[in-house]
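Have the viewer open as you read.

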Amino acid sequence: MELAGGQHHSDAFAQVNPLKKVPALKDGDFTLAESVAILLYLSRKYEVPDHWYPQDLQARARVDEYLAWQHTTLRSSCTRAMWQKMMSPVFLGEQVPAETLVSTLAELDRCLQLLEDKFLKDQDFLAGPHISVADLVAITELMHPVSAGCQIFKSRPKLAAWRQRVEAEVGKDLFQEAHAVVLKAKDLPPADTSIKEKLKPSVQVLLR
């Protein structure tokens, strides 16, 4: 989907995902929305190595714990930071009040501290000694503020070391490919009026 062109708001895409959001999965006649649900579906369908989504009850619960936490905390802060710091002024041509951005970045910093203290602690990955879907979801969220110029790893050596471990496990080339689009968002040309109108309802909540 060409997100900058608003293709995810088209009637055709709404047949796949009425929420008009990406990602979405179409597997034969089966369609599925929401990135976490898609990751878990794929991990079960293709019987991936156990560390991605462990069979052990408590090990899986640790992954689920992170996935449940991140939606209203880290994910929200990362998305808001990217839109307020970069997407709104660059893509939409609308400046965000300085105090709003300061508040958002402070909340992001609080979430990063919780990520380190509650989930990463002194282990290699968020849910234990091995990489899991929790780490994939987390690194994807963190690359959003990185794309806007937030130096979130610079003052956090523990988090920076975790990022390097995730990249090494995934593979550098695949890691870069997976984040290429979001890291190039700063180079988007300004949106035209029609695109701004399509995005306005969903973007407004990110700018407060």
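What follows covers the model, its fold, its surface and its hairpin.

## About the model

This is a predicted model, where local features need pLDDT of at least 70, side-chain atom pairs count only at pLDDT 80 or more, and totals for chains, interfaces and linings use all residues. Residues are numbered from 1 along each chain as its sequence is written, and side-chain values use heavy atoms, with hydrogens and water left out.

## Overall fold

The protein chain has nine helices and two strands, counted as DSSP runs from the N terminus (helices H or I, at least four residues; strands E, at least two). Their order from the N terminus is α-β-β-α-α-α-α-α-α-α-α. The chain is as compact as a globular protein of its length, because its radius of gyration is 18 Å, close to the 17 Å that the globule rule gives for 208 residues (taken over C-alpha atoms; the rule is 2.2 Å times the number of residues to the power 0.38).

The C-alpha trace spans about 50 × 45 × 30 Å along its principal axes.

## Inside and out

Of the 208 residues, 40% are buried, meaning under 20% relative accessible area with a 1.4 Å probe, protein chains only.

## The hairpin

Strands E1 (residues 24-27) and E2 (residues 30-33) pair in the antiparallel sense over four bridges; pairing takes at least two DSSP bridges. Lys26 has Thr31 in E2 as its bridge partner. Two residues sit between the strands of this hairpin, and Gly28 in the turn has a positive phi of about 70°.

Notes:
Buried means under 20% relative accessible area, exposed over 50%, partly exposed in between (1.4 Å probe, protein chains only).
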